[in-house]
Amino acid sequence: NYVALQEDDRGLEDDPLKRVEAIGQRKPTVKEDFTRAELASVYEGITRDDHKLFLRILATSGMRAEEACTATYEDDGRIVIRKSKSKSKTKAGERTLPLHSSISVHEVQVWQRGLKAGPYGRMSHYTCMSLNRALKKLGFGKSKTVHSVRRYVAVALERLGVPELTT
């Protein structure tokens, strides 16, 4: 038996994963944007005030979740987004946006102070995780997540004819 195992294991030094194979393939989940009606029903259906604020910030700014959680909200109503420690995904990684007039700077600053860093230091981790659970309870499957709010904003701006890169 031992010798047979040794013979079977020849060549494993060169490629230790030689005989490892995947049991099954995960089907990728296609992420979809919300419709306006769906986003309104989400807002009405969620019960936590911090989730409602987070959704309002995302829907009125088009920011990524992590950007919304780590941006600087200035008293004059500006949102200042700076590159994080890692490299930004786009040239627009550093930018200034207006905060929607319906959102209080103070309210956002209080919300930010309550955020806890998740794995790898991501401030959006726990907020997104809990909001995605709430979305699931409201009947939205895996294809509609927190990021679907950003997709909704992008599609809405595209339909209005707003150019992709504006300064």
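Guide: The chain of this predicted model contains 7 helices and 3 strands. Read from the N terminus, its elements follow the order α-α-α-α-β-β-β-α-α-α. Of the 167 residues in the chain, 31% are buried. Among contacts with a separation of 6 or more, 57% join residues 24 or more positions apart.

In soluble globular proteins, nonpolar side chains tend to be buried together. Here the largest nonpolar core has 33 residues, and the members that touch the most others are Phe-34, Phe-54, Ile-57, Met-63, Tyr-73, Ile-79 and Trp-111. At least two residues of this core come from each of the helices H2 (36-45), H3 (49-61), H4 (65-70), H5 (105-113), H6 (125-137) and H7 (147-159), and likewise from strand E2 (78-81). The greatest contribution is that of H3, with 5 residues.

Leaving out residues up to four places away in sequence, Phe-54 touches Ala-65, Ala-68, Cys-69, Trp-111, Thr-127, Cys-128, Leu-131 and Val-146.

The packing of H3 against other helices can now be considered. Two packed helices are described by the angle between their axes and the distance between the axes. For H2 and H3, the angle is about 155° and the axes lie 9 Å apart. Since angles over 145 degrees count as roughly antiparallel, H2 and H3 are therefore roughly antiparallel to each other. Their crossing is left-handed. On the H2 side the contact involves Leu-39, Val-42, Tyr-43 and Glu-44, which meet Lys-52, Leu-55, Arg-56 and Ala-59 in H3. Sorted by class, this contact of H2 with H3 comprises 5 nonpolar and 3 charged residues, with no polar ones.

H3 also packs against H5, at an angle of about 120° and with the axes 11 Å apart. The crossing of H3 and H5 is left-handed. H3 brings Asp-50, Leu-53, Phe-54, Arg-56 and Ile-57 to this contact, while H5 brings Glu-107, Val-108 and Trp-111. The classes in the contact of H3 with H5 are 5 nonpolar, no polar and 3 charged residues. Phe-54, Ile-57 and Trp-111, named here in the contact of H3 with H5, are also among the core members that touch the most others.

Thr-60 is another residue of helix H3. Its relative accessibility of 38% makes Thr-60 partly exposed. Apart from neighbours within four places in sequence, Thr-60 has contacts with His-100 and Ile-103. Thr-60 and Ile-103 are separated by 43 residues in sequence, with a C-alpha to C-alpha distance of 9.4 Å.

Two loop residues complete the picture. Thr-145 is located in the loop between H6 and H7. With a relative accessible area of 14%, Thr-145 is buried, because buried means under 20%. Not counting residues up to four places away in sequence, Thr-145 touches Lys-31, Phe-34, Asn-132 and Leu-135; of these, Phe-34 is one of the core members that touch the most others. Tyr-120, by contrast, is exposed, with a relative accessible area of 83%, and is placed in the loop between H5 and H6. Most residues other than glycine have a negative phi. Tyr-120, although not a glycine, has a positive phi of about 65°.

Notes
Residues numbered from 1 in each chain as written. Predicted model: local features only at pLDDT ≥ 70, side-chain atom pairs only at ≥ 80, totals over all residues. Heavy atoms only, no water. Core = buried A, V, L, I, M, F, W, Y, C linked by side-chain atoms within 4.5 Å. Buried < 20%, exposed > 50% of the residue type's maximum accessible area, 1.4 Å probe, protein only. Helix = DSSP H or I, 4+ residues; strand = E, 2+ residues; numbered from the N terminus. Contact = heavy atoms within 4.5 Å. Axes fitted to C-alpha atoms, helices over the stretch in contact; angles between N-to-C directions. Parallel < 35°, antiparallel > 145°, perpendicular 65-115°, else oblique. Left-handed = near helix turned anticlockwise from the far one by under 90°. Nonpolar A, V, L, I, M, F, W, Y, C, P; charged D, E, K, R; others polar.
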